[in-house]
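Here are some notes for a first look at this structure. Please keep the model open while reading.

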Amino acid sequence: TTTMTLILNINKRGGGHFKGLILKNIRKVWNDGAPPAFHTYRQDRMIQNLTADQFKMELGKVRKNCLPPATQWTSIQVFLRTLWTNKKERNSQRNNNNNFDDSCSNCGGHLEDTRGLLYGCHKAEEVRLLLEEAINDALVMMGKQNIHLTLQGVLFHRIENTEKKERDEIIPMIMIMKHVLYKMKFREDRQNFPSSRRILANMIVDLEKHLEVTKFCKRNSEILEIVITHLRNFIGF
């Protein structure tokens, strides 16, 4: 009888115990206890004042909300740098002829890496600025400080000048924005670049679903409700 068999016999419906040991062993070789992606992001200057502990903490919070697993998984892939983009496809072994178009799927005018697709692309920028404006409207009404959705704020959920109560509402909205931008990459009419209005309409649908779940879970939704109203008014949806 092998050790693996003994561990799997503890729970015959799955190998969670064994998976936990494998992951624990993998994490032992991580520098500073952070996944390798943290150090790669820092080398690429996408991380400036974020420590390894803060990076791990924000990664751990991704699952601590009411969002669907698919939405959570998009943000996890961002943290682990495994989100599949056209840049990755161009560098893959499938691109034997080196002729794959690595431009942004949502605008066509920007390199599609994680930063480009979710932050640098002008469509992503338009949507991000509108979400930032809507959030700040809600914060002003509540007598709170404005926020600025920086690169670290969007990719790694580091929102400065906010209290935990506000961050717990704002971060899921950012995660929904990223998930919608990534989903749009796989639309059926890929020959037509989506308008900002189309992206926002999809965001509103997901935000409203999140609002219903948030209310069911009896969590704060004051900012979320104002943001949805603001975005609806903007696009007349």
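1. A term comes first. A residue counts as buried when its relative accessible area is under 20%, as exposed when that area is over 50%, and as partly exposed in between. Keep in mind that this is a predicted model.

2. Start with helix α12. Which of its residues are buried? They are Ile-223, Leu-224, Val-227, Ile-228, His-230, Leu-231 and Ile-235. These residues cover an arc of only 165° around the axis, so they sit on the same side of α12.

3. What does that side of α12 meet? The buried residues of α12 pack against α8 (122-141), α10 and α11.

4. Look just past the end of the helix. Gly-236 follows α12, and the phi of Gly-236 is positive, near 65°.

5. Turn to the largest pocket. About 430 Å³ of space lies in it. The lining of this pocket numbers 21 residues. Lys-64, Asn-65, Asp-168, Pro-172 and Arg-219 are the ones that lie nearest the centre.

6. Which helices supply the lining of the largest pocket? At least two residues each come from α4 (52-61), α10 (164-184) and α11 (196-216). The largest share belongs to α10, with 8 residues.

7. The residues of the lining divide into 8 charged, 7 nonpolar and 6 polar.

8. Now Ser-196. This residue lies in helix α11. Is Ser-196 buried or exposed? Its relative accessible area is 12%, and with the cut-off for buried at under 20%, Ser-196 is buried. Leaving aside residues up to four places away in sequence, Ser-196 touches Lys-123, Glu-126 and Val-127.

9. Compare Trp-73, placed in helix α5 (residues 69-80). The relative accessible area of Trp-73 is 47%, so this residue is partly exposed.

10. How far apart are Trp-73 and Met-175 in sequence and in space? In sequence, 102 residues apart; in space, 9.6 Å, C-alpha to C-alpha.

How values were computed:
Residues numbered from 1 in each chain as written. Predicted model: local features only at pLDDT ≥ 70, side-chain atom pairs only at ≥ 80, totals over all residues. Heavy atoms only, no water. 1 Å grid on protein atoms, 1.4 Å probe; cavity = no way out; pocket = protein on both sides within 12 Å on 5 of 7 lines; lining within 4 Å. Points joined across faces, edges and corners; volume = space filled by probe spheres on them. Helix = DSSP H or I, 4+ residues; strand = E, 2+ residues; numbered from the N terminus. Nonpolar A, V, L, I, M, F, W, Y, C, P; charged D, E, K, R; others polar. Buried < 20%, exposed > 50% of the residue type's maximum accessible area, 1.4 Å probe, protein only. Arc of directions from axis to C-beta. Contact = heavy atoms within 4.5 Å.
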